[in-house]
Amino acid sequence: MTAPVKHDDKHVAWRGRAESVEAERTSAELDDAAAIKRLRSRSRSLLGWMMRPHRRAIAFLVGILVVQNFASMAAPILVMVAIDSGIPAVRDDGDYSILVGIGVAFAVSAVLEYVSLRLYIVQSAKVGNAMLYALRNRVFWKFQRLSVSFHERFTSGRVTARQSSDMESIREMTENGMDDLVMAGLNIITITVVMLVIDPLLAAVTLLTFPLMVMLAKWFSRVSAIAYRRARETVAVLIVYFVESMGGIRAVQAYRREERDKEIFAKLNTDNRHAQAKGHHQNAFMSGGMKGIGHLATVVVLLFGGWQVMQGNTGVGVLAAFLLYMKRFFDPLNELVQFYNVLQSATAALEKLSGVVDEEIEVAEPDEPRSIECPRGEVRFDEVEFYYREDQRVLPGLSLHIPGGQTVALVGATGAGKTTVAKLVSRFYDPRGGTISLDGVDLRDLAEADLRDNVVMITQENFLFNGTIAENIELGKPGATREEIVEAAEVVGAHEFIEALPDGYDTHVRKRGGRLSAGQRQLVVFARAFLADPRVLILDEATSSLDIPSERLVQRALRTILADRTAIIIAHRLSTVEIADRVLVLEAGRITEDGPPEALIASGGDYAELHRQWEDSLV
Amino acid sequence: MKQYLVPYRIRLGAQWTMVLLNVVAGLSIPPMVGAAIDGPITNGDLVGLWRYAGVVAALGALDALLSLTRRYFQTTTAMAIEADIRDVVYGHLQRLHTGFHDRWQTGQLLSRVTTDLGMIRRFFAGGMVFLIMSTFMITLILAQLLWIEWRLALVVAASAVPLFLLGRGFFKNFLPAARAEQDQSGEVSSVAEESALGIRAVKALGRGPLMAARFGKEAAHLRDLGIRKSYIASRSWSAFDAIASASLGTTLILGSIMVANGGLSLGQLSAFIMLQLGMLWPIEAAGWVLAHGNEAMTAADRIYEVLDTEPAIRDRPGARARDRSAIRGALAFEGVEFAYDDDDRKTLRGVDLAVKPGETLAIAGKTGSGKTTLVSLPSRLNDPTGGRITLDGTDIRDIRLDSLRRAVTTAFEEATLFSMSVRENLALGRPDADEHDLLEALRVAQAEFVHDLPYGLDTRIGEQGLSLSGGQRQRLALARAVVVRPAVLVLDDPLSALDVHTEELVERALEQVLQDTTALIVVHRPSTVALADRVALLHEGRIAAVGRHSELMESSPDYVEVLSAESEEVAA
Ligand SMILES: Nc1ncnc2c1ncn2[C@@H]1O[C@H](COP(=O)(O)OP(=O)(O)OP(=O)(O)O)[C@@H](O)[C@H]1O
Ligand SMILES: Nc1ncnc2c1ncn2[C@@H]1O[C@H](COP(=O)(O)OP(=O)(O)OP(=O)(O)O)[C@@H](O)[C@H]1O
Ligand SMILES: [Mg+2]
Ligand SMILES: [Mg+2]
């Protein structure tokens, strides 16, 4: 777990050491040969999954391509017919019928080509886009279900990288690839057949180059897989850095980090450039090699075929046609080399995505979910043990029973584990030992939807989504009417300031709610939670950024709202605690005091001391 | 765009020359083959055949070699250009004011430096080279065709007319379609990023399915735009194809007749046709190249949208650097007004306030009264829309931004941490800070918990510092501001996430620092007021009252309302 990370490099020191080397990847993406093999096969099966629903469409597309291929294949044949029979017919007999036939055939093939190509372009775009759409959604949904701890190490930048740059790589493949692939495949087959028919001997000579090409392709496949795999990593790191520094641009500017950021970014950019270039360079070698092989074949056929002609074994026309075919044999191959490049890059992206898709969900949905018939909101911790890092137990063994409807305040020093308790009730994490249950049902057995309907938490970070204020409040209860939204805002005392904004509830909050003040953001989040109307409400420092009048307003609202609800309130401002039925003092993950606030104050313990300090601070 | 190519002009020139040579080499092979058939093979001249074969082999080798090297350098150059532009855009984005960043979703910016730049790169490495190559090739082929049989060649050349018309129509329709798709792809990245960043909020409410539906909608829109684009493409691409083969058919028929009439030799005809076949695919691929070109154009537009945005906050001409040690820290607001640019109401409507060097001034005010706005002005994260702010008597706009921000440091109300080492986060504003400075700052902010992290200061903290507790984050952010040892320290509600006990410890430690530092502290609680020498009450965009806490408690009812817990009982 604590494998040494190379750390002496000045350029990476800024990143710091992650807890484990695997911090930034899905567990599927290990380095050893077996894992890579598994990865390859997974990415292939992911590709299969993408293509399966479109089997018919793809078959249809291949059909179109076959038609197209034959249409274009007609040209050399027609040339041959024209030279071998059309011309003599006109010259010797003044008979134009063959030429007319050829003309008609050309016209037909042009029309055919037009129609089929048009169909092909649209159909393939439909299939390609539909596949990407499905993949995007699947990956998104997977990310949504993965646990918070996964996201903690994976970072949003990497999620974005998977959804943008990796998808882009695959899009490139779906966009330009299939026709090349099929065309080249068809070409190889049909032209081989045609060549065999025209002149088996010459054909055999041509086919001798095959092993060479296979060897070259194998080499490229091997080395470029490594190169592109690495390129996927470097671009992800680049994106992570970009996303983070743009998200924290205020701090960047206020702390004059621009230069350093540019320096680091430039380094990442260069790394990425080299990584990307590597694969492309390998591709250049392959491409040159393929061309060379093609020319070699031409020379051999020219010599051998020429000799055959001299011997009288073949006609000149046959040789000419044969050489034409060879051109048509090798030209698409060169295209195919380009496609192969795109394919390799896309495969690397698919590997990354299949890593995500196959990542095990730490906080998994139960196989046989149980539901709660009539929720009372009773929460029970039974010998709950929890740690983020094995050597640092945040909760060494917590037992706690909160009856339905009780309002519990959780107080304690910063870092004591209050938020951790709250996150456990919301099942952001599963306990490492012991059980947590809601109305007697272990959270691990509870259906996700049931849990979320009953337990809602306001997190310490007030997160607003891009959209209007109304939309942000509505998140608490999708489909809520405007009246309900306004009512929720009124209850928490947010209505007034919202109304005063230029567009009222339809004011756009901008990125992360930048349009609002910190306290206003907090009120909006509060309104969101009220609208959700859960059995168990968890407030983690939900009033920390409010001024005293607003806080008071919120408290008054809480008093009525929490009357018949279970609530866990975490607050450093003891004013908020006063509305609680019961206070728990948490110290280093243990409950040291437990009782109604008045009783605790009277008893003269830690809480009494805290309370005294707090009262002192008020003057 | 041109300026980014200039540094590479020699390379680009060399490359394009290579492309041309490559074309020549490639093109000279078929005539050689044709000549071999017409000459030695027809005549039964084996030695001659060998000679021709040798030439073909040499040309072939040259072709392959050129193809390899040109591709090699092509990608190298294109990627270098891409990386250069990316650096420039990144640097520019970093200078753009926060107002810009509030408005632009990160995903949109990201799609510009990744997807869009990728398109431009691909055009440089592929499309553009192809365009040059095929134009040249077509010219060459046409020249040869003219040489062989000019009448037939004119027939071939005539096909350029419909091609041109088609291409023009294509441009008109395809550009907006490509643009729409690129914009939407930025939108999709934005939703992806946001839903990952806000994963806790999403999970806390169980809104995963809703987010997925939202994402699905955006993704579906992207898909539909992609398909729409293909409809536009299909119309012209397929016509390109059909025209190319129709033209081939025409020449074949006409050529055959000419051969029959003795106007053309058989070898000439087959050479002609073979050459024309070589012209087929550049024409067929023209649609594809045009599409790439269009996409690169719209991508460049999108990038220029960002690059053309001027940073709103810049050095004034004649602005001078100030040495940190020469700054005493007398800060004054003189009739400062501020309005956010889309809000006609002023957030600040004439703030007059003077802070003496070394003084600590607390700023109180209701939620949304403009405290954060006010304290963002001295470090010029925003510029006042009226009035001015002076530092030691100099308008801060006449001080170089860099030195101003060294002198004035802010700890924001929300700790903005990065997923880097603790050390890097801590030394954000002063990379040259030594271990002692860091430890001292950690002590002041009571952030010594970092020593218990697995690798101490070298531990990487999670994104936005989310692997720390709320109070730990805040203290780390505070320590970060303290490390800078600024002349003016701005603390925006710095202790909101701390428990009373820790708060007291921090206050005590901070006091020493604040003794000789000018400080602006936004406060919400009476407890934090203790740090300050004086308190200013911000009310309706003005400073309604300034004085000592105890004085204001007596004299200002507004102040009492904002900061006193006493009146609580009124509610109950
Ligand atoms: N995601 C995480 N990964 C690793 N460690 C964590 C993570 N979240 C919290 N911790 C650690 O667990 C301990 C308890 O954190 P928690 O957030 O529960 O504290 P808290 O009581 O809520 O404190 P605060 O009042 O400051 O919010 C802290 O030492 C913190 O550093
Ligand atoms: N970027 C912005 N664009 C437009 N208006 C804004 C922007 N940021 C803040 N505002 C508005 O300006 C007013 C003042 O906001 P500010 O953040 O300065 O308040 P504050 O006093 O710090 O409040 P709090 O105590 O909640 O932090 C608010 O009404 C807010 O809605
Ligand atoms: Mg907490
Ligand atoms: Mg504020």
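Is Thr372(B) buried, partly exposed or exposed? At 25% relative accessibility, Thr372(B) counts as partly exposed; buried means under 20% relative accessible area, exposed over 50%, and partly exposed in between, with a 1.4 Å probe and protein chains only.

Hello everyone, and a word on the ground rules. This is a predicted model, where local features need pLDDT of at least 70, side-chain atom pairs count only at pLDDT 80 or more, and totals for chains, interfaces and linings use all residues. Residues are numbered from 1 along each chain as its sequence is written, chains are lettered from A and ligands numbered from 1 in the order in which they are written, and side-chain values use heavy atoms, leaving out hydrogens and water.

Thr372(B) sits in helix H12 (residues 371-375) of chain B and Glu413(B) in the loop between strand E6 (408-411) and helix H14 (422-426), so the pair ties together parts 41 residues apart in sequence. Donors here are N, O and S atoms within 2.8 Å of the metal (3.2 Å for Na, K and Ca), and water is not among the atoms, so sites may look incomplete. Helices (H or I, at least four residues) and strands (E, at least two) are DSSP runs, numbered from the N terminus. Glu413(B), for its part, counts as buried at 19% relative accessibility.

Now over to chain A. The magnesium ion (ligand 3) is coordinated by Thr419(A) (OG1) and Gln460(A) (OE1), at 1.8 to 2.4 Å. Thr419(A) belongs to helix H12 (residues 418-425) of chain A, while Gln460(A) is in the loop between strand E6 (455-458) and helix H14 (469-474), 41 residues apart. Both Thr419(A) and Gln460(A) are buried.

How many residues of H12(A) are buried? Eight of the eight are, so H12(A) is largely enclosed by the rest of the structure. Among them are Lys418(A), Val421(A) and Leu424(A). After H12(A) comes Arg427(A), whose phi is positive, near 55 degrees, although Arg427(A) is not a glycine. Arg427(A) lies in the loop between H12 and strand E4 (433-438) of chain A, and it is buried, with a relative accessible area of 5%.

Next, the place where the chains meet. Chain A and chain B bury about 16,500 Å² between them, 62% of it on carbon and sulfur atoms. Buried area is the accessible area (1.4 Å probe) that two parts lose on being put together, summed over both. In chain A, Arg250(A), Tyr255(A) and Arg256(A) lose the most area to chain B, together 5% of what that side buries. The contact takes 173 residues from chain A and 186 residues from chain B, where contact means heavy atoms within 4.5 Å.

What about charges across the interface? There are 13 salt bridges between chain A and chain B, a salt bridge being a side-chain nitrogen of Lys or Arg within 4 Å of a carboxyl oxygen of Asp or Glu. In one of them, Glu424(B) meets Arg257(A) at 3.0 Å, N to O. Helix H10 (residues 258-311) of chain A gives the most to the side of chain A that touches chain B, with 29 residues. Arg257(A) also forms a salt bridge with Asp261(A), their closest N and O atoms being 3.0 Å apart, and both Asp261(A) and Arg257(A) are buried.

Another bridge joins Glu193(B) and Arg512(A), with the closest N and O atoms 2.9 Å apart. This pair crosses between chains, from helix H7 (residues 160-197) of chain B to the loop between helix H16 (495-500) and helix H17 (518-532) of chain A. Both Glu193(B) and Arg512(A) are buried.

Two more residues to look up on your screens. Met420(B) is in the loop between E6 and H14 of chain B and is buried, with a relative accessible area of 2%. Its contacts, leaving aside neighbours within four places in sequence, include Trp14(A), Tyr241(A), Arg257(A) and Leu428(B). Thr98(B), found in helix H4 (residues 98-103) of chain B, counts as buried at 5% relative accessibility. Thr98(B) touches residues of both chains, including Arg250(A) and Leu381(B).
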